Every structure is written in C-alpha cells, then in structure tokens.
Amino acid sequence: MNITIDGIQYEIKKNTTILQACKDAGINIPTLCHDERLNPSSSCRLCLVEVEGTKNPVTSCSTMVRDNMVVNTKSKDVIKARKDVLNLIISNHPMECLTCDKSGNCKLQDYSYEYGVAEGTFKGAKRTPKTDTSNPFYDYDARKCILCGLCVRVCDELQGTAAIGIENRGFDAVVTTPYNEGLINSKCVSCGNCVSVCPVGALSPKRQKYRYWENKKIRTTCSYCGVGCQMDLVVKGDKVVDVEPAKDALNNGLLCVKGKFAYKFINHPDRLKTPLIKINGRFEEATWDEAYRYIRKKVNELKPEYGADSFAGLTSARCTNEENYLFQKLFRAVIGTNNVDHCARL
Amino acid sequence: MGCRKVLTLERLQQIRKEHRPILEARVGEAGNADINEDGSIVLNGDYYKKQVRIALKNCGIINPLMIEDYIAVDGYSALANILFNKSSGEIIDDMMASNLRGRGGAGFPTGRKWNEAFKYDADQKFMICNADEGDPGAFMDRSILENDPHSVLEGMAIGGYAVGADKGFIYVRAEYPIAVKRLRTAIEQAKELGILGNNILGTGFSFDIELRLGSGAFVCGEGTALIESIEGKRGMPRTKIHRTAHKGLWQKPTIINNVETYANVPVIFQKGVDWFRSIGTEKSPGTKVFSLVGKVQNAGLVEVPMGTPLREIVYDIGGGVQDGKGFKAVQTGGPSGGCIPAHLIDTPVDFESLGKIGSIMGSGGMVVMDEDTCMVDVARFFLEFTVDESCGKCVPCREGTKRMLEILERIVSGHGEDGDIELMEDLSETISKASLCGLGQTASNPVVTTIKYFRDEYEAHINEKKCPSGSCRPLIKYFITEACIGCTRCAKSCPVDSCITGKVKERHVINQDVCIKCGTCYEVCPVKPVKAVVKG
C-alpha cells in the first residue's frame, strides 16, 4: 500500500506498523519502550507521529499503516510532545551521567542530546525507590528506572520467568519483585535479558568499569552448550569486560546466565592454560607434547597388566561436538574401553 | 445435574399476571409512587416531577431481591420477545437506529459497537458490564445495581443474543457490597428461573453471567484496563492496536458497556426505537442520570432528557444553591470533567454542548459550587484524585499530572510564580494529546476549564497572594482593627497559646507567626455591626 511519510511516498507492505515503515524508509523515530520482539506497550509516548485525519497524534509503534495514509513525523506539535516527554522523564531522573556506567550507550542520553533537553525543568518530587544489589550478577538502581517496562516484558514474554512486575500506582509505580523481597529471593534465574534491554542505567551488570567508546566488540559463539547463541564480547584492551547478546542471530537477542555473565573465568588467575602432570604428588605444568607422550607411555605400560577397563576418560561440555566425538573414539577404538563420560552429567 | 423444567413464555407471562397485583398493592400501601393509566409506576413528589426516568424507572419501586417484582413491571418481556421474534441483525439495526450512546462517558453509539462484534467471526464472544463506578460523588450505577439489577442482566442478555456471545461478566467494584450481594442474588434467581443459563425459554440461546470484583483502582473503569484486570493481570490500559469489539477479553470479540447503558436496552425494545428517539436531542437521544451533589439544596440522583439546560437541573430540580448563597459553577463529568461557570448555566446538557465548552458528560457527576468555593482549589482537588489514580504506565500521565499538581499546590499555598498559568496551559496540552488512555487525556480538564473561566482567581493567588473566595487557608490573614473593645473573648477562645494577646478593654493583637487561621476569633467577636476581627 501507498503511504506518505514527511511528504515522500513509499510502498509499504500490509500489517506493518508506522514505526517499522519509517525505519525501512530510513526515518529515525525515537522509542524507549519499543522492542520488535515484544508486544507493543506504547508507554513511553516518544514515537508519536501525526496522521492526517486523526485528532491526536498516534504512537507509531502500535498503529498499522493504511492505504493512502499521510504521516508526519517531524511536525511542530510532535516535536513539542517528544521534548515535553523527555523533559518529564529527565525531571525525575538522577543526573549522574558523569558516573553512570551506561553513559555513551544510553537511549535517554542520546535523545536528550538530539532534542536539546539539557535538564529537567520541573523541580519537584523525585522517585526514591530502593536499589537492589542482591543479585550476584547485576544491580538494579531503581532511581534511574524510567518505567519503560521492557525488563518486565522481556522477563515475561520471552524468558517466560515473570520474576518482576510493576508495583504501586502513578508517580509511585516501581519495577520490583513480588512483596519487595529482592531479586535474590525471587524467581529470577539471572539470565540478564532484562539487563540487555534496559535503555538506561537502571539495570547494569556487576562489571569492571569501562566506557563504551573504549571498547571493541567481537562476535563469537557461546561455548557453554550446543545451542550456538551468538554474542558480542566487549573487549577493553586485551580483556573481555562484558557480553552482549546478538539480536541478528538465532538466539534473537537473548542469552542465559552463563552466556551473559560467566565470562570472568577468561582472565581468572586460577584458569588452567597448560596441561598438568602429577610428579611426586604435585601437579606440575607441562607442554601438550609432554602430556601426550606421558599418556601414551602409561597406556602402553598399564593396559597389558590391568586391561583396557582400568582406564577412564572424562571430557567437557565446553568442548565442541567434534572434539567430544574424537575423544570417545580415542577411548573406545584406541584404548578399548567404554569408560568415557562428560561433565554435563554431573 | 438434575433435569430442570425449561422456563416457557407462558410461565413467564403467568408470573407477571400473578405478581402484578401484589406489587400494585404494595406500591399503593407505601404511597410513594403513582400507577399511571398506561401501567407505568412512577415515584411521586416534586423532586421527580421534572424528571424522565428510563434507567432508574424501577428504582425505589420494585424489590430488587425479588425477580417476580421485575417481571411484574414487564421485566424480561423484551428479551423474551426478541428471542422469539427477532434476528441478531434486526436487534443491531434497532440499536443503531435508536442511537443510544454509551452512558459511561465517551458517548460512543452502542449499536455501532455491537455491530463491530456482530460482524467479526469468532468461536467465542463476551459481553462485559462496566460497573466500576469510581468518580468521587457519583452513584448512578450503584443505584441501578442495588435497586434494579435485573434490568442490567436483561440488557446484557439482549446484547449477547445480538452479537453472538454466550458469556457475560459484570466487573463491579468491591466497595459496593450491597450491589454485589444483590447482583449475586439476581443472577441466582434468574438462573433458577431459567431466564439465564442454557437454552433460555427453549430457544436454544444460552447466556451466563459471572461477577468479577474490582480491587479499588479507578483506572480499571477504562475498558482495556478492566479487561486486563478480568484476565488476572495488573489493571493497566492496553495500547489500541485492535478494537475490543474485535480482540478484547482473552483476545476474543468483547462488548463493554456501562451499567446505565445496559439498563436502557430493555426499555428501548419494550417501547420502541421511535419512542426512545422522541426523548432527548437528535444527536443524543434518551435520558441521562446525574448525580447532583455539592452545595445544592436537593442533592440526589436526577434523570432528565438529554439537552435539558443545566439551569433546570440545578434550580428546578436541585432547588438552587444551599443557604441562599450565590451560584458560582458546576463541575460535570467527574474528576476528568470541566467547571462550567454561572454565565453558561443555560447550556443544554448533552455530549456535544458540554464538549464545546470544554467539559464532558462523563459518567454523570454534577457538583454544584457556591461563591465560597475557590476554583483553583477545586482544580487541585480533582487533579490530586487523578494523580493518585494514574496507573503509571505512560509518561505524560504519570509524570505530567504530578508536576501540574505540584504547581497547583504551590499556588494555593501562596508560592505561585509568574508564568505558572502559562506553564500549566502548555503542559496540559501535551498531557491531553500524548497520554495513552482517557484518564490522562482528560486529566487536565478541571485545570484547563478553571483557567479559562476563572483566570482572575489564579492571578489573585499568584500575584496578590490572595484567595478571592477566602478558602485557601495559607492565603488568609486575620487581624484585629481599632474597633476592638478588649472583651478578651477572642483570646480566650483561641486554641493556640500566645497567639492573641492584649489587656482587658484594650485592643488585642494576633501574632501572625503562630496563627493557625482557624477563624475562631472571627466567629466569636461580638463587635457590631462590623466585627473587629477582619478576614483578608
């Protein structure tokens, strides 16, 4: 169908939202509560656009295009409404950008810059909900929450856990766990998908300090299980300092607790980087060559005396499918025992 | 399940015949109502003379706990007649022709709403009655539910037959325990008799009604928030992607009408579309029930034809302002309505006319204000209500109304600043245009209309730090003039230590720093003809 956006005609497919149509046309519409994976909520009211023939502006995230629709995304009224909404949010938001981890990657900061909202002009009450640092992997600073509801919806609609919800009404509304008992006492499985969608600094991973502009991102496959989730390792210097799920992959922007948070072993001092051989009751570092030779020697010595079943091999879920296949082949075909297992059974 | 006798049309008519004399005898004995030649029973007395009662027609006349009483006043005859003689399409046509408009506030034509659900193909459809009446001081729906519950059940069943729904929910606020009890009894009796349930009157049409109790959230009166609440979720309005008539409760076609709307339905089918359209105005036919409260002589429920001038309601029925004081304004439409000033008192009360002057019909609240009422404080009062009841989902309502309330609180406490009026006008525009649901979109109406019609009062508060009506306490000052005779009565009556000082037979002085502005000194001062204590 034909629609006109900001004076230019476009051919748009049926059942498309105005927001999607604008995105396809390269027109940027601000959103704080929108995520194409979730049902539209239309709570932030930033994506308002004017549609000819309707009295009030409409939210582009929830309005489907109609044939011959005329949309105006940059009218004076729309810009005023967006500025007012940003002003209202900022007026109730701690101005801590200088120390906030999210600075540089914060949608509220970006839009305030774009629309020239330097400060909140309404000097009144501010929200004072409690922060929750009980979860071992991430913190929740409720003061910074802008109640876009993305965390609640991702937890419910995509993760299927529904550990958090909104409590109280109006100005006192707050995202929290049932009966305010804290994240650690809730159903939260620490998947961190709420952290990944938070557009501001309300939900942030417990992590080493870094600024977004200091990093590079490296796309990789999560090695924890066989699903093959894609993720971006956030690397500062030569250290992995964070993990972000990839949206353009089969995991659809989601990760589990391991993929999202269990990266700190990479630079951990206890991490094994070479094989160990026990000499005189103590494990000593060795090269792979030494290790292979040692294994061959021991197998040749012990197999004639005690039989093949005196050997057992234990491999790891962190290895690839192919590596695990080869490992069991080594034990069954070369050594001749079925005593082979894997840490995923533990 | 045991085998139950199916209610027949003959049996229904028989109940009516048997019970009518009993009802008439009771009415005659009570003496509060007259039986007209056409068989209608109407309450007598001056208060009711100017009223035309359709939705309230049985209130105060029948016993709501007896289904036979309702049947005796032709109750359920419209449903029976429809089930035997009319198709769904014909009912929809009649409803559209009647142009009955939703009585919950928005005034959407009921027939058009029903038609949407009727046309939409689905395996299950629902009828919902919105009985979550939450406007402060409004008790129209409560009165119907408590005094004539069967009229609502009948209206819902007719709607169910029309759109193809076999299940209805009444969402009633838990703060109406009597209404809940009587609805429960009415549903039980109707099921027992067979006028609700499976295979009604042997026609094959089934319709069941269940109650759902609200938990005290005003916003659950908003249709989609109400649906969320019935589904067991937090009561917050949905964004309007689909019409509820297409995808509503559990994503099935759903009709939500207000109590008063349903109460009108059976009467329209009893007396005909032409009769209904002969009452009220062309665009708003029928009557509307108002809850007339505030500084009016005769407060109570008033049902009048649409288009009746405000003056008739306030003066002819309401008896004018209490204590002979001057009429200042009337607030219509509940907390999201507007204040109508004295010079517009001849405005006819219908959807269009009220909209034109910045107010709304709303669900029918009507608060009369006298000369002692401060309009800035009125705006603050209603806004405080909306701020409390905002669900917090969308930014303009959650944050914007709160900021507006903060400005109003500043003004009534004497800290208003130059530019506050303009700031509120500017902010109200965004709140009205950008809010998600009706609550936010109309929240600033009381502020906008009071600024429009009583701007001078705002200016007095801000510029002169004075409340012209003498009602905003922080802006009032009491002081004692030279006329003081030194009788000491004020000092003795003053509840604050060391506030009023002075020797006998000498002029007394009020210490402004400790004065709590209770006005006791003013009340007790015996000096005549002008008191020595002055309020300013």
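User: Hi! Where is A:Ser42 found in chain A?

Analyst: Hello! In this predicted model, A:Ser42 is in the loop of chain A that runs between helix H1 (18-24) and strand E3 (48-51).

User: What is phi like there, positive or negative?

Analyst: A:Ser42 has a positive phi of about 55°, although it is not a glycine. For context, most residues other than glycine have a negative phi.

User: Okay, over to chain B. Is the peptide bond from B:Lys528 to B:Pro529 cis or trans?

Analyst: That bond is cis, and its omega is near 0°. As for location, B:Pro529 sits in the loop between helix H22 (520-524) and strand E15 (533-535) of chain B.

User: Now helices. How do H15 and H16 of chain B cross?

Analyst: Helix H15 (residues 375-389) and helix H16 (residues 395-412) of chain B have axes that come within 9 Å and cross at roughly 150°. Angles over 145 degrees count as roughly antiparallel, so that is the label for H15(B) and H16(B). The crossing of H15(B) past H16(B) is left-handed.

User: Which residues make that contact?

Analyst: From H15(B), they include B:Val376, B:Leu383 and B:Val387. H16(B) brings several too, among them B:Met404, B:Leu405 and B:Leu408. Sorted by class, the contact has nine nonpolar, one polar and five charged residues.

User: And what about H16(B) with H20, at what angle do they cross?

Analyst: The axes of H16(B) and helix H20 (residues 455-464) of chain B cross at roughly 65° and come within 9 Å. Since 65 to 115 degrees counts as roughly perpendicular, H16(B) and H20(B) are therefore described that way. B:Leu408, B:Ile411 and B:Val412 of H16(B) meet B:Tyr458, B:His461 and B:Ile462 of H20(B). Those residues divide into five nonpolar, one polar and no charged.

User: Changing topic: how many residues does each chain put into the contact between B and A?

Analyst: Chain B gives 33 residues and chain A gives 33 residues. Between them, the chains bury about 2,700 Å², with 56% of it on carbon and sulfur atoms.

User: Which three residues of chain B supply more of its buried area than any other three?

Analyst: They are B:Arg398, B:Arg403 and B:Lys433, which supply 23% of the area that chain B buries against chain A.

User: How many salt bridges are there across that interface?

Analyst: There are three salt bridges across the interface of chain B and chain A. B:Lys433 turns up again here: its side chain meets that of A:Asp77 in a salt bridge, at 3.2 Å from N to O.

Technical notes
Residues numbered from 1 in each chain as written. Chains lettered and ligands numbered in written order. Predicted model: local features only at pLDDT ≥ 70, side-chain atom pairs only at ≥ 80, totals over all residues. Heavy atoms only, no water. Axes fitted to C-alpha atoms, helices over the stretch in contact; angles between N-to-C directions. Helix = DSSP H or I, 4+ residues; strand = E, 2+ residues; numbered from the N terminus. Parallel < 35°, antiparallel > 145°, perpendicular 65-115°, else oblique. Left-handed = near helix turned anticlockwise from the far one by under 90°. Contact = heavy atoms within 4.5 Å. Nonpolar A, V, L, I, M, F, W, Y, C, P; charged D, E, K, R; others polar. Buried area = accessible area lost by both parts, 1.4 Å probe. Salt bridge = Lys/Arg side-chain N within 4 Å of Asp/Glu carboxyl O.
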